[in-house]
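Have the viewer open as you read.

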Amino acid sequence: MRLVSIAFRDVKPKRLVLHPLFLSRLGLSQLYVQQARLSTSKHGRDTRSFFSTASLNAENPLHVLLSPLSEDTEVVKKTHTQQRDIGVSLIDEKHLFGKWKSFLTNPFRLALESDFARRGPAKTWRSQLLVDRFENRSDLALWSCLLDYQKRINGDVGVLNVWKGLWGRKTLYDVDGPLAPTFWQAILEAAVRSDDEKFLNSVWIYSEWMYDVHGVRWPHLYSTVLSHFLRTHQHQPALQWQLRLTPNFYPGAQDFAGMIKQFALDPELYRTPTLESLYVVNPHHQLYDSLVPYLYNLGASQLAAKWRKRCVQQDDLPQAPVPVRPFLRYLRGYFRHVTLCPEEEAIINPVSDYEEDAERIDVSREFINRVHGGTFGISVKNYNDKLGAKWLASSWVSLDTAISTIAALGIDRIGPLSLQSIALREGTSEGVLNRIEQLKEQGITIIESNYLRLVLYLARIKDDDLLQDLLNSDLHPDVFDDSELQARLVISTANSEDWRAHRLMLATRLVVTEKSARETANTLVALHISRNDRQGLTRLLENMKAMEVAISHDNTSLIYDSLLHEAKSTYLPKHSLYFYISICRQLSSMEVPVPVRCWRKLLFGLARQGRIDDLEKLCVELVDMFVSFRSSRPGFVPVHPDDLPEPMRKPLSSVENLLGVYVPLDLPTGTSLHPLRQLFDNKLLGTIIRYSFYSSLTEHSWSAPVSELRRQARGGGRAVRLVRMLHDRGLCVSKERLVTSVKLRLVTLYGPGYPTKRNLQLARASNSLDLSQMKKLLDEAWGEEFLPPLEDLQADIQKRGRKRLQKDRKYLQKIGKTTPQLHVVL
């Protein structure tokens, strides 16, 4: 099918046009301008007017007039006042256009040569277009010039014009040249943006012709088309084009996974199962290892669990254990009802539960190697850092292979020399950080040293020059752990004016100083705790936060133990209560997780002392912290190891100085082991309701002036409003249990008989609201109907009251007392 089928014809010009070559050869001493307006076809605002200006200097004017336009003629365009802005060129490197680069500054010639239908500037042009000459039929540089011009002048309409010319000729199939990626991608992007479906269909047909006839594939055809329909949320076209392009243009499992990862967080694509459908019909199911840990590391654990289920259904199981292990431990810990397949079980339980002499045997790769060595009489050899460094530095084996070999041998730690070899082969800060991350994924750690800290410091600040000086230095890594030798080297390098080495030693001192500052600060923290210097501890923690100095696990344990020891009965003196609240808040702001049991002690203390204002503030802070916390790891919140499920806590038992573990924020708060569920259990909520109802006589806990009607029920109403506020912020609350807790308080105020405890008697005597008024206030506090209808509520209170009355009578008879009478109480 040819969209351009107009026969070529020669016509005489209607007006005299001076060729620029003629103008340049006229022997005049001064320049003047001869304007020759060349009209283009009428396209509304797309119409262009071009002018040619040159010096008049020619030897044979007649010869020039009769000659065709040369290929390297330059025509300077004068911008018309009404002309719209010209777009940006597709390619900045002009030398890539070769012999056609002069065309880029010749708009008249470009307009003429890109008039493939001969309805504009080429309508009266009697010569062949350049693209129709035999020697130019497959010249990608020429086509790129024309495309660049039309794209700049007419946008996607101009791209379509070039495409029609290319479609009618079918002469171009170069996909390997330096201009090819930009050329084919510009056409493809215009096609997917076009409202005319025929444009994209013709691109697909042409790409099939390229593949069938010439054995080449249109670059990025699959990913560009599918990405467009996914970005615009077109479910049906995405599936249709997936089926069309997969047979010949499927880019491979890795590129497909990258495309899915790009759109995996778009919620619109899950209203209809677009991404899942693409994955199911995909010929290769290899998405688990790349997508599931990727989503989990972004904090999208629920989405990761959804994709994990889909992958398992397609027999797409994990092959790399290290990246998916944190997610599987999280899944096993918080969602025990989820059944893991054997391959997943092997990842989170790599150690067999053999017991021998009360000691657990670690069946690792290194253990297997030791068993084989014992069987064949080969003695065990520990990892030699010098030998490992030589292996990692060998250029005849790739670094990926070298690291994989070390991991396969069961080696779980390497020294600074091995790190130096790896970093030297990478050469850049980003490469070094990526390799260190790769070692972690392979289960290989690097021995702690000042050399490691210095490498990490320079890599993180992206000081490649100083990093190269360090890696190429003749100093042994052990030198950086000798503070006295470092001091001497600082002086000697300055005296010898070896400024590179001097700068390196200064950076080393900076890193060592940071380590020393951390150790010193933690020593002072322990000293303040032992002396019970609360003001000093508070100021020191503030300074540590400002200086970004981390607190040690031992010191946080001392603080938590001190709080729990002092609050054995959940009662703390006022000064101690607010001191520990301040300290725990300070630690949380430093991303140091506080155990749930400590927060509970503080909340119980505030509730039982009737400090409702501070209780409300702290409750809201805690819910926000576990629902929308902004940490250094976006999408996660740090949780204390004591509050983690066993499958997550047990593998980390041997980790030193472990302050906490980051858990995804999207963990449903209704999960039984969620920190908020452990914190705000029924006991704590019941305590808040109970003490709030009976705190109406504690005037110091209420600062805002209220009416007499609201004063009578402000305690209970405020507690209900607090719970509703926490529920709206994400806390999972059982309304039925909350209503039951409130009814028990109403039994005390409105039930039969009279309370046996003095404080309850005073609360009932001070209540001047009838039940209907109390119900109205509690319903308003909840924001909707909270209690059942009045008749049902009265019947329920009477029923519960009679049961309590019988229970109280039996208790009083047992201790030898009588039921209190109202006139005695009054």
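Of the 826 residues in the protein chain, 46% count as buried, where buried means under 20% relative accessible area with a 1.4 Å probe, protein chains only. This is a predicted model, in which local features need pLDDT of at least 70 and side-chain atom pairs count only at pLDDT 80 or more, while totals for chains, interfaces and linings use all residues. Residues are numbered from 1 along each chain as its sequence is written, and side-chain values use heavy atoms, leaving out hydrogens and water.

The secondary structure comes to 38 helices and eight strands; both are DSSP runs numbered from the N terminus, with helices being H or I of at least four residues and strands E of at least two. A contact means heavy atoms within 4.5 Å. Among contacts in the chain with a separation of 6 or more, 70% join residues 24 or more positions apart.

How far can you trust the coordinates? The predictor's confidence in each residue is pLDDT, from 0 to 100. The chain averages 79, and 81% of the residues score at least 70. Over residues 697-706, however, pLDDT is below 50, although the model gives this stretch 21 contacts beyond near neighbours in sequence. Residues 708-713 also stay under 50, with 15 contacts beyond four places in sequence. Where pLDDT is low, the predicted coordinates should not be read in detail.

Now to the interior. A nonpolar core is a set of buried Ala, Val, Leu, Ile, Met, Phe, Trp, Tyr and Cys residues joined through side-chain atoms within 4.5 Å. The largest one holds 179 residues, and Phe680 and Leu746 touch the most other members. Leaving aside residues up to four places away in sequence, Phe680 touches Leu603, Cys619, Leu622, Val623, Leu685, Leu726 and Leu731. Another core, of 31 residues, lies apart from it and includes Leu399, Ala423, Ile446 and Val511.

After α27 comes glutamate 591, whose phi is positive, near 60°.

Finally, look at helix α34 (residues 735-750) and helix α35 (residues 758-766), which pack at an angle of about 75° with their axes 8 Å apart; axes are lines fitted to C-alpha atoms, for helices over the stretch in contact, and angles run from 0 to 180 degrees between N-to-C directions. That makes α34 roughly perpendicular to α35, a label for angles of 65 to 115 degrees. Val747, Thr748, Leu749 and Tyr750 of α34 meet Leu760, Ala763 and Arg764 of α35.

Key:
Buried < 20%, exposed > 50% of the residue type's maximum accessible area, 1.4 Å probe, protein only. Parallel < 35°, antiparallel > 145°, perpendicular 65-115°, else oblique.
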